[in-house]
Structures are given as structure tokens and as C-alpha cells.
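Colleague: I would like to learn how to read a protein model step by step. Could we take the features in turn, with the general idea before the particular case?

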Amino acid sequence: MGKGQSSNSGPLGCGFLIIIALIVALVQQCGGEEEESSASKPARPSASASAEDSPKKPARQKPPKVTLSLAEIAETPGTFERFKKFVAEHGTARQKEVVSHLTGWRGFRRGTGTGIPALEVKSDYPVVDFAAMDAGDEKELDLLLDLQEESQHAAEAFAAWWKADESKMAVLQIFDREDVTTYGSTCIDPHSVRNGGSCWPH
């Protein structure tokens, strides 16, 4: 009886072992393919690594401010061209448009009516008819107000170029194309437009 049992279980045992061997072989083959595919894929650079490797654009810096006095600026050849070049390269669109109407320094006065020193500038702006304005001509009044606003933008551009002495007040006066009348004195201050041309905040 024991002999018959051993002869019947022999083929079954072998078949079972063959099935297990096939399963093990398949598992090893699949595992190898996964390792191969993962090894063949190039590693993707992380976002932080690519950001570090990318070159950064240097911030554009403005040149140092001019440290000459107002009198020296008015009297030194070439300073007006330097000012216009600075505004062309670094000024706002509004400042560029306004400064394009300026034609040169007119001079320097140590004291205006308020005792504040002034840099005078020539321009190609039209002449305001003050008599007509006093008689109620709104067109001339609008022209004067527009030109006063222009002078504020010009003063703001000048303040960006010139290193002002903070212990002293100074103003920019722009004269009309006939080089006779100024239509306003504007504080040379970076915030001149916001302050309505005043040297003191409103």
C-alpha cells in the first residue's frame, strides 16, 4: 500500500514543483524589466535645480546722482545734455515727453521772491496771454494750468538726476519760448507732482 501511494504522488509532486519554478521565473523576469526600464529613464531635474541653474538678469541700476550745485549746473557746459540723456534712459514716459520741450539752462538765481534758489530753464512752450486770462479767457487759463503741471514733471525728472542738499529748498522755473515769462516755480523734489509742485506736502 505504501508503495502504491509513493508511485501515485510522484508525478503530482513534480508537476507542482514545475509550476512553482515557472512562477518564480516569471516574477524574476518582471522585476528585472522594471529595474531596466527605471534605469533607462533619465532623471528629471527638479524645479528648484533648474531655477538655480538659470542665469539671473542683473537689475538695471541708475547712475550716481549729479552732485554739482545748481549754480555749477547752470554754468558748466554739457550738463544740460547730460540731464536730457539721463531722462531719455531712465525717466518715465511723461518725464521724457516734458523734458523734450526743454532747450537749455537759462541761469541760476540765488533767491526767488520767497528767497528760495532757482534753476531757470528755457523751453519751446507757448506764451501764456495773462491779460486774456485775467479777462476770463478759459483757454489761456487751461494752458497755464497745463504748463504748470508740465513743470512739475520736469522738476521730478531733475530731482531723480540731481542730489539735492536736503537742508535747502530749491525750485525749477521753466520759461516760455520767448524766454520772458515763467509760468510757475516747481519744487525740485521727487514728490513734486504729488505735492502739486509745492516743496511741502499737502
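**Reading the rings, the disulfide and the fold**

Modeller: Let us begin with the aromatic rings, keeping in mind that this is a predicted model; the structure holds 7 aromatic pairs.

Colleague: How do I read one such pair, for instance that of phenylalanine 80 and tryptophan 105?

Modeller: One looks at the distance between the ring centres and at the angle between the planes, where an angle over 60 degrees counts as edge-to-face. In this case the centres of phenylalanine 80 and tryptophan 105 are 5.0 Å apart and their planes stand at 85°, so the pair is edge-to-face. Phenylalanine 80 belongs to helix H4 (residues 79–90), whereas tryptophan 105 belongs to strand S1 (residues 102–109), and the pair therefore ties together parts that lie 25 residues apart in sequence.

Colleague: Are phenylalanine 80 and tryptophan 105 buried or exposed?

Modeller: Both phenylalanine 80 and tryptophan 105 are buried. They also take part in a cluster, in which ring pairs link Phe80, Phe83, Trp105, Phe158, Trp161 and Trp162.

Colleague: Which ring has the charged end of arginine 106 over it?

Modeller: Here one asks how far the charged end lies from the ring centre, and whether it sits over the ring. The charged end of arginine 106 sits over the ring of phenylalanine 175, at 3.8 Å from the centre of that ring.

Colleague: How many disulfides does the structure hold, and which cysteines are joined?

Modeller: A disulfide is read from the distance between two cysteine sulfur atoms. The structure holds 1 disulfide, and this joins cysteine 187 to cysteine 199 with an S to S distance of 2.3 Å. It links distant parts of the chain, since cysteine 187 is in strand S4 (residues 182–187) and cysteine 199 is in the segment after S4, 12 residues apart. The torsion about the S-S bond of cysteine 187 and cysteine 199 is about 110°, and the disulfide is therefore right-handed. Cysteine 187 and cysteine 199 are both buried.

Colleague: How many helices and strands are there in the protein chain, and in what order do they run?

Modeller: The protein chain has 7 helices and 4 strands, and from the N terminus on its elements follow the order α-α-α-α-α-β-β-α-α-β-β.

Colleague: What can be said about the chain as a whole?

Modeller: Of the 202 residues in the protein chain, 30% are buried. The accessible surface of the protein chain comes to about 13600 Å², and carbon and sulfur atoms account for 57% of that surface. Among the contacts in the protein chain with a separation of 6 or more, 58% are between residues 24 or more positions apart.

How values were computed
Residues are numbered from 1 along each chain as its sequence is written. This is a predicted model: local features need pLDDT of at least 70, side-chain atom pairs count only at pLDDT 80 or more; totals for chains, interfaces and linings use all residues. Side-chain values use heavy atoms; hydrogens and water are left out. Rings of Phe, Tyr and Trp (its six-membered ring) pair if their centres lie within 6.5 Å; planes under 30 degrees apart count as stacked, over 60 as edge-to-face and the rest as tilted. Helices (H or I, at least four residues) and strands (E, at least two) are DSSP runs, numbered from the N terminus. Buried means under 20% relative accessible area, exposed over 50%, partly exposed in between (1.4 Å probe, protein chains only). A charge sits over a ring if NZ of Lys or CZ of Arg is within 6 Å of the ring centre and within 35 degrees of the ring normal. A disulfide is a pair of cysteine sulfur atoms within 2.5 Å. Contact means heavy atoms within 4.5 Å. Accessible areas come from the Shrake-Rupley method with a 1.4 Å probe; for residues, only the protein chains shown count as cover.
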